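Let's walk through this model together, one piece at a time. Keep the structure open beside you as you read.

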Amino acid sequence: MKHLEDCVARTKKYEMAIAEFEERWPDYCRDCGAIGAVHYTENMSPHGSGRYWPMEMQDVCESCLGSCPRCAHEFGEDEHMAFVEEMMDCPKCGWQWGENQGDEAPYPPVCLCYLSRDIRM
Ligand SMILES: [Zn+2]
Ligand SMILES: [Zn+2]
Ligand SMILES: [Zn+2]
């Protein structure tokens, strides 16, 4: 499939950003993208109603639970409690629950090229 010019540019930009991020944080959690949580959508409509009522849910990322999602610093028990309950910064790299720019790995761009009529498949 072909991509529009700005999509190609966005993808290039993303590839550079993610390469930079990986170089800086080689041990970040790939499963959650250094967010520390995973998002999923659940159907909250009453069972059997046949309706679809999506709710955005959030869960802790099990892959990096107990360590920093970005620098993989392993927390001691006290550290872990403070980290989870008081939303403490990572004592090693300063990761702060996505509050700071660069806490999370860059997201891949959304490609909507297939919607474009400029591209013939
Ligand atoms: Zn595209
Ligand atoms: Zn994770
Ligand atoms: Zn860290």
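This is a predicted model: local features need pLDDT of at least 70, side-chain atom pairs count only at pLDDT 80 or more; totals for chains, interfaces and linings use all residues.

**A guided tour of the chain**

Residues are numbered from 1 along each chain as its sequence is written, and chains are lettered from A and ligands numbered from 1 in the order in which they are written.

Strand β1 (residues 37-43) and β2 run antiparallel and are joined over seven bridges; strands count as paired if DSSP finds at least two bridges between them. Strand β2 covers residues 54-60, and the number of buried residues among its seven is zero. Here a residue is buried if 20 or more other C-beta atoms lie within 10 Å of its own, exposed if 12 or fewer, and partly exposed in between, with C-beta atoms placed from the backbone.

Now step back to the whole chain. Its secondary structure comes to two helices and two strands, in the order α-β-β-α from the N terminus. The radius of gyration is 19 Å, well over the 14 Å that the globule rule gives for 121 residues, so the chain is more spread out than a compact globule. The radius is taken over C-alpha atoms, and the rule is 2.2 Å times the number of residues to the power 0.38. Helices (H or I, at least four residues) and strands (E, at least two) are DSSP runs, numbered from the N terminus. Along the principal axes, the C-alpha atoms fill a box of roughly 55 × 45 × 20 Å, and buried residues make up 13% of the 121 residues.

Helix α1 takes in residues 5-24, and its end C-alpha atoms are 29 Å apart, in agreement with the 28 Å that 20 residues should span at 1.5 Å a residue. The expected span is 1.5 Å times one less than the number of residues. Of the 20 residues of α1, the number buried is zero, so α1 lies largely in the open.

Leaving out residues up to four places away in sequence, Cys-32 touches Ala-37, Val-38, Cys-61, Ser-63, Cys-64 and Pro-69; contact means C-beta atoms, placed from the backbone, within 7 Å.

Most residues other than glycine have a negative phi.

Met-87, in the segment after α2, also has a positive phi, near 50°. Met-87 counts as exposed, with 10 C-beta neighbours inside 10 Å. Its C-alpha atom is 7.3 Å from that of Trp-97, 10 residues apart in sequence.

Note on methods
Two residues are in contact if their C-beta atoms, placed from the backbone, lie within 7 Å.
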